[in-house]
Amino acid sequence: MSAASSGSVRELTALLSALRRARHSNPAHAAQLHARLIVSADARRHPHPHPVLLTQLVSLYAAEGRLADALRAFRAHLPSANHRTYAALVSALARPRPGLAFSLFSEAPCRHSPHLVSAALAACAAGLPPLCARQVHACAAKAVHPRDVFVHTGLVDAYAKAGDMAASRKVFDEMPCQGAASWNALLVGYARNKMRLEAMAVFREIAGQGPEVPLDQVSVSGVLSACSWANNVEFGRQVHACAAKLGLELAAVCVSNGLLDMYTRCRCSREALVLFNAMDCRDVITWNVVICACIRESHFREACMLFQSMVRDGVVPDDVSFATALQASACMLSRTLGASIHASVIKTGFLDCVGIASSLITMYSKCGSLDNALRAFEVAEDRFCVLSWTAMITALQQNGHGVQAVDMFEKMLEHSIPPDHITFVSVLSSCSHSGLVEQGRRYFSLMTQVHKITPLTEHYACMVDMFGRAGLLSEAKQFVDQMGVKPDASVLGALLSACMNCRDLEMAEEVAKELFVIEPGNTGNYVLLANIYASHGRLEEAKEVRRWMVFQELRKEKGHSLVNSENQTSML
């Protein structure tokens, strides 16, 4: 390369680097420099730009979010691409397009570069199966020095995010030197994969390492997540003490949010309230945690008030905030509040988010406005998401339109949208209440044989209820006897109702005895058995059952009715 061309390369490299570092670069500049780069190339000797320039150009396009242009430039000048060019593009595509990023890594003629291996590991950590991580691991074994902490930490993280914690731990144990990032990747991996005891054990190990591996906000927030899901408030309090000593209790918002989530999930409302009031910096996650906690405690009015306080404090709600607020308004049966939240969703542009449409459908349905629920379903951007279809099928079923719910399910299958276990609960319940026995049998077979969904007790209960309502008591009993799992209270309760419908006293007594052992405090089972005795004229036995309820201090809860009046649903 001549001195002139070398100077041109340095000049263009400096320009590309400056543009990539600039905060507010003009998108047209990248295209202009791309054109200059092509023009400056020697068409006969060097038809493609220098590899350094190509790498800089690809990085510039990627930094501006123009991944299609970066890929187009890469493909157009492929002969000039070296391992750094591949690494730049794979790194840019790792999160938004992990599959494409891994394909580029597989095509690269220089896969044994540490830079490219690190970029490929980022793609593996973005949701690719464990096999991809193993392939990158094989390349790393040949090209990466065993003491390269950065790459091996990436392997620990990639295996953990792929769900293979055994491989993640093996890589970690084989590392000759383990830094704080490696320990954190292992701990967070255990917490993410719901291996809570292992996550807490790793936290203890980190705490015992001394100043060489200090605890930080990543390790503390990671173990707090494990404590939350393990409902281990005692260990959580110890972590809280460590966080306070390190000055992370209120300084790091992720730690504060982790502590708040742990206390609310462990039902320690007093400690959660003290912490919430002490927090100077509350982000949207903070508010979401306390709003969700109120919903778990059935404090729906407080949840709505907190949502309004969050907005007043200038915190912009996200999709989780809107979904939880809609859930609270649905449980309060407040269509007016739900409609106002719907308007805010539209204004802030969250209508396209997955889960918002289903929350709107459920809210309108529970408030007795099936037309608005159907309208929300029809305008939803995520109409081809199983959540929206399931919400609409459930809405029809709960409002007494079982046949329409089944028709909606058939349309869902026509659109090749795979149903989940919740979808089948709603469909089987619709068949039960609409007397569609043959269709119920077919859908149960479809669930187990075609979609390979293992039935839960809810599905079994729906089938037993369907047979009982149709007067097929012997088939209901046979179905229960052939279940792959032991029947629980919901299945036996459906069978007891079937006995009432078919006036089979002998089977009712047998089923009721099992129910009294499983859930002795459920008054509905006693009342149902007493009614069965009374329907057979055995009034003394019916009175004896009710006397036994009084002896156990059990009282049947009063029934409620929902009344729609002036766009408001009230409970009487």
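Which residues does the UniProt annotation "repeat: PPR" cover? According to that unreviewed entry, the annotation covers residues 148–182, 283–317 and 385–419. UniProt positions are given here in the numbering used for this structure, feature names are shortened, and annotations may be inferred rather than shown by experiment.

## Before you look

Welcome! This is a predicted model, in which local features need pLDDT of at least 70 and side-chain atom pairs count only at pLDDT 80 or more, while totals for chains, interfaces and linings use all residues. Residues are numbered from 1 along each chain as its sequence is written, and side-chain values use heavy atoms, with hydrogens and water left out.

## The whole chain

The protein chain holds 32 helices and 2 strands. Both are DSSP runs numbered from the N terminus: helices are H or I with at least four residues, strands are E with at least two.

Of the 572 residues, 45% count as buried. Buried means under 20% relative accessible area, exposed means over 50%, and partly exposed lies in between (1.4 Å probe, protein chains only). The chain exposes about 28,600 Å², and carbon and sulfur atoms supply 54% of that area. Accessible areas come from the Shrake-Rupley method with a 1.4 Å probe, and for residues only the protein chains shown count as cover.

A contact means heavy atoms within 4.5 Å. Among the chain's contacts with a separation of 6 or more, 60% are between residues 24 or more positions apart.

## Two of the annotated stretches

Over residues 148–182, the chain is 74% helix and 0% strand, and the end C-alpha atoms lie 11 Å apart. Residues 283–317 are likewise 74% helix and 0% strand, with 10 Å between the end C-alpha atoms.

## A pair of helices

Helix H15 (residues 253–265) packs on helix H16 (residues 269–278) at an angle of about 155 degrees, and their axes are 8 Å apart. That makes H15 roughly antiparallel to H16. Axes are lines fitted to C-alpha atoms, for helices over the stretch in contact, and angles run from 0 to 180 degrees between N-to-C directions. Angles under 35 degrees count as roughly parallel, over 145 as roughly antiparallel, 65 to 115 as roughly perpendicular and the rest as oblique.

On the H15 side, the contact is made by Ser256, Leu259, Leu260, Tyr263 and Thr264, and on the H16 side by Glu271, Ala272, Leu275 and Phe276. Asp261 is buried, with a relative accessible area of 17%, and touches Ser228 and Val289, leaving aside residues up to four places away in sequence.

## Three loop residues

Pro419 sits in the loop between helix H24 (402–414) and helix H25 (421–434). Pro419 is buried, at a relative accessible area of 6%. Not counting residues up to four places away in sequence, Pro419 touches Val386, Phe409, Met412, Leu413, Phe424, His451 and Ile453. His451 is 32 residues from Pro419 along the chain, with 8.0 Å between their C-alpha atoms.

Lys452 lies in the loop between helix H26 (437–450) and helix H27 (457–469). Its phi is near 55 degrees, a positive value in a residue other than glycine, and Lys452 counts as exposed at 61% relative accessibility. Lys194 belongs to the loop between helix H11 (180–192) and helix H12 (196–207). Although not a glycine, Lys194 has a positive phi of about 60 degrees, and is partly exposed, with a relative accessible area of 45%.
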